[in-house]
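Welcome, and please open your viewer. We will go from stop to stop, selecting a few residues each time and looking at what is there.

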Amino acid sequence: MATMVALQSSMASLSISTNSFLGQRLSPALLSTPIKSVDQPCTIVMRLKRWERKECKPNSLPILHKMHVKVGDTVKLITGHEKGKTGEISRIFRHNSTVIVKGLNLKTKHMKSREQGEPGQIVKIEAPIHSSNVMLYSKEKEVASRVGHKILEDGTRVRYLIKTGEIIDSAENWKEVVKERKEKKEEASG
C-alpha cells in the first residue's frame, strides 16, 4: 500500500500530460532537468537485407567485381527458363556481376507515348543475367566449359576453355569486337 502511494506521488511530480507529446510545449518540470552533453556522436547503423548490401570503396562507389566473361564472348545459359541456349554478350555490369546476352532473357516493357497522338507500345528488351548463370561456349566443339588463365611464351595472359584448351583472348577476336563497337557508334551518331 505504501509503495503504491509513493509511486503515485512520484508520477504526479513528473506531471507529463498527454498534450506534451502532440506538438505542445513541454511542462516546466521537464525542461529543468539537466541534459548531459555527449563527446562522441551517436552513429546510426542501418540494417540492410542480405541482398541489398553492396561492398563499397572508401569513396562510396561500389566495388567492381572481376568476371570470367567479356563483351563479345559466346556463352551458354546453364540455368533459368532459357537454359541451354547460346548467345553473345553485348554488355557487362561489373558492379553487380550481371551480363546482357543478345536475343536471350527477353522481357516485355510497356512504353508510354512520348508525344500527344502517338500510341504507346509493348517492347521486348534484353534483361540482365547474373554472370554465374552463363558458361563460355566453344562454337567449333559445341561444348560449354569453365575458364582457365595461362601466360603464353610472349608474356601475354590469355583465357582458355579448360575442356577444349581453346584460347579465347586472341588479338584478332578483340580487334573484331572493337571494330564492331566503333561501327555501332558511327551508325547511332550518323
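## Stop one: a buried asparagine

Select asparagine 105, which is buried, with a relative accessible area of 11%. Here buried means under 20% relative accessible area, exposed means over 50%, and partly exposed lies in between, using a 1.4 Å probe and protein chains only. Asparagine 105 sits in the loop between β3 and β4 (106–111). Its phi is near 55°, a positive value in a residue other than glycine. Most residues other than glycine have a negative phi.

Before moving on, keep in mind that this is a predicted model, where local features need pLDDT of at least 70, side-chain atom pairs count only at pLDDT 80 or more, and totals for chains, interfaces and linings use all residues. Residues are numbered from 1 along each chain as its sequence is written, and side-chain values use heavy atoms, with hydrogens and water left out.

## Stop two: the whole chain

Zoom out and colour by secondary structure. The chain has three helices and ten strands. Helices (H or I, at least four residues) and strands (E, at least two) are DSSP runs, numbered from the N terminus.

Of the 190 residues in the chain, buried ones make up 18%.

## Stop three: the open sheet

Select β6, β3, β2, β1, β7 and β8. In that order, these six strands form an open sheet with antiparallel pairing. β6 (129–130) and β8 (143–145) stand at the edges with a single partner strand each, so one side of each has no neighbour in the sheet. Two strands pair if DSSP finds at least two bridges between them.

Walk across part of the sheet, one pair at a time:

- β1 and β2 (residues 86–93) pair in the antiparallel sense over three bridges; find lysine 76, whose bridge partner in β2 is threonine 86.
- β2 and β3 run antiparallel and are joined by four bridges; here arginine 91 has isoleucine 100 in β3 as its bridge partner.
- β3 and β6 also run antiparallel, with two bridges; threonine 98 has histidine 130 in β6 as its bridge partner.

Stay with β3 (residues 98–101). Which of its residues are buried on each side? Thr98 and Ile100 are buried on one side, and Val99 and Val101 on the other, so both faces of the strand are covered.

Next, select serine 97. In the hairpin of β2 and β3, which has four residues between the strands, serine 97 takes a positive phi near 60°.

## Stop four: two exposed residues

Is glutamate 142 buried or exposed? At 60% relative accessibility, glutamate 142 counts as exposed. Glutamate 142 lies in the loop between β7 (134–138) and β8, and its phi is near 50°, a positive value in a residue other than glycine.

Then jump to isoleucine 122, in strand β5 (residues 121–126). Isoleucine 122 counts as exposed too, at 59% relative accessibility. Leaving aside neighbours within four places in sequence, isoleucine 122 is in contact (heavy atoms within 4.5 Å) with Thr108, Lys109 and His110.

Select lysine 66, in the loop between α2 (28–31) and β1 (74–77). Lysine 66 is exposed, with a relative accessible area of 82%. Lysine 66 and histidine 95 are 29 residues apart in sequence and 9.4 Å apart in space, C-alpha to C-alpha.

Finish at the second largest pocket. On a 1 Å grid over the protein atoms alone, a pocket is an open set of points where a 1.4 Å probe fits, with protein on both sides within 12 Å along at least five of seven lines, and lining residues have an atom within 4 Å of a point. Which residues lie nearest its centre? Of the 16 lining residues, they are Lys66, Met67, Val69, Lys70 and Arg159. The largest share of the lining, three residues, comes from β10.
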